[in-house]
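Hi everyone, thanks for coming. Let me put the structure up on the screen, and then we'll walk through a few parts of it together.

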Amino acid sequence: MGRKSLSIAQSLLPLAQRSAYDRFMQVQLSHPERLVEVKGPKRVKELLRDLNLVAEAHLVIRRDELVTEDELLRDEDMVEVRPVISGG
Amino acid sequence: MNCKKCHTKAVIGLPRHNAAFCKVCFNEFVHDQVARAIKAERMFGPQDRILVAVSGGKDSLALWDVLLKLGYKADALYVDLGISGYSATSREKAVRFADTVGAAHKATLLTHTVQEAEGAGIRELADLIHRPTCSACGTIKRYQFNRAAVEHHYDVMATGHNLDDEAARLLGNVLHWQEEYLDKQSPSLPASVEGFAKKVKPLYRLSEREIAAYAVLNRIDYIVEECPMAKGSKMLLYKEVLNRLETESPGAKQSFYWGFLDKQAKAQPASASMTEKDQASLHPCSTCGQPTTAEICSYCKMMARASAAKSS
Ligand code: SF4
Ligand SMILES: [Zn+2]
Ligand SMILES: [Zn+2]
């Protein structure tokens, strides 16, 4: 299967099933806190859509910096998708 | 995406304003929205002393930050609820902000510790009197903030409620046609009687996402985790629904809440009658002296029940 057609579920393979030199984007998620790997390159907008997250309820942060929806994320990026909605 | 104002690289897009901003222009936008809110709702002036209710979360710390940067005299109060795994961290964030940004502007942080003053943490207290934690928490926070504001002679009390909070609350009230609560949804509630501080919400023109972005961009270290009690709350559900709408049609939240405020302003008598109603029915609590509609205020009743339950 070509890399480009990987769905998000398929791109979240356990590390052991991948060859050593594969390097995916590290995405930190909250509620619950977890780290997933996503195949890049991918626009912020697409990342949120693939993760089934609403843009209005999240910020995407790459190495401490906010990025806009059209920004291209790459395999070497460390990304945090931070929920901004609180219920109190 | 480029900044709408200065055309450098943008850090955030704002679909509801059909705009995108760089950090500098976004900060200007946020300060401007808060300044507009303060002016439009006649919240306070440059000489007034403001008490900000801070929780260690993004909204209240961002509010304190903006008010100080706009040159207002703003101190803050943190209420430690004694919730294990949450209160210690949130308190640390509030204290750290006070020691850095607050101190630089000569502002002080007051604290109230529920465990010390009420003899137990909020969860224990709620258990003792068989009430949901959030409702007991609401009573204590309202009471302690008002008490601190009145005792320390602040002119006005400011909370970090944002556009999402107010739109979600409005949705909840409208879904259940709780018309009696609609009067209290104004971003500026007058000090209706002696003993009740004026309450304002200077962030009502900013969305939760915009405020979080402001906090991240300005390196405001806030508690990202939620209070564990908020899990599964109705407010979260309403916000989720509204944010789905917002994503599909940007501006939905503001037209919902601001539209309501416009209608309310045109129906003017509402706020006047509320003040009159309040004045007619409020008198000092026979135990603590704070204003209440009953013989004993809801806080004192709650504490009496809690100590009775503890000793039985
Ligand atoms: S979620 Fe409930 S218990 Fe937690 S701070 Fe909010 S009102 Fe209080
Ligand atoms: Zn700019
Ligand atoms: Zn009382």
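Let's start with a pair of helices in chain B: the axes of helix α6 (residues 133-151) and helix α13 (residues 298-311) come within 9 Å and cross at roughly 125°. That angle makes α6(B) oblique to α13(B). Before I go on, please keep in mind that this is a predicted model.

If you're wondering why I quote both an angle and a distance, it is because two packed helices are described by the angle between their axes and the distance between those axes. As for handedness, α6(B) passes α13(B) in a left-handed crossing.

Which residues make the contact between α6(B) and α13(B)? On the α6(B) side, look for Ala136(B), Thr139(B), Ile140(B), Tyr143(B) and Gln144(B). Facing them from α13(B) are Ser298(B), Tyr299(B), Met302(B) and Met303(B).

The zinc ion (ligand 3) is coordinated by the SG atoms of Cys285(B), Cys288(B), Cys297(B) and Cys300(B), at 2.3 to 2.4 Å. Its 4 donor atoms subtend angles of 105 to 116°, so the arrangement is tetrahedral. Along the chain, the donors of this zinc ion (ligand 3) follow the spacing C-x2-C-x8-C-x2-C.

Are they buried or exposed? Cys288(B) counts as partly exposed, because its relative accessibility is 32%. Cys300(B), on the other hand, is buried, with a relative accessible area of 11%.

Let's turn to another zinc site. Here the zinc ion (ligand 2) is held at 2.3 to 2.4 Å by the SG atoms of Cys3(B), Cys6(B), Cys22(B) and Cys25(B). What geometry does the site of the zinc ion (ligand 2) have? It is tetrahedral, with angles of 101 to 118° among the 4 donor atoms. The donor residues of the zinc ion (ligand 2) are spaced C-x2-C-x15-C-x2-C in sequence.

Key
Residues numbered from 1 in each chain as written. Chains lettered and ligands numbered in written order. Predicted model: local features only at pLDDT ≥ 70, side-chain atom pairs only at ≥ 80, totals over all residues. Heavy atoms only, no water. Donors = N, O, S within 2.8 Å, 3.2 Å for Na, K, Ca; no water. Tetrahedral: all angles 85-135°; square planar, octahedral: opposite > 155°, others 65-115°. Axes fitted to C-alpha atoms, helices over the stretch in contact; angles between N-to-C directions. Helix = DSSP H or I, 4+ residues; strand = E, 2+ residues; numbered from the N terminus. Parallel < 35°, antiparallel > 145°, perpendicular 65-115°, else oblique. Left-handed = near helix turned anticlockwise from the far one by under 90°. Contact = heavy atoms within 4.5 Å. Buried < 20%, exposed > 50% of the residue type's maximum accessible area, 1.4 Å probe, protein only.
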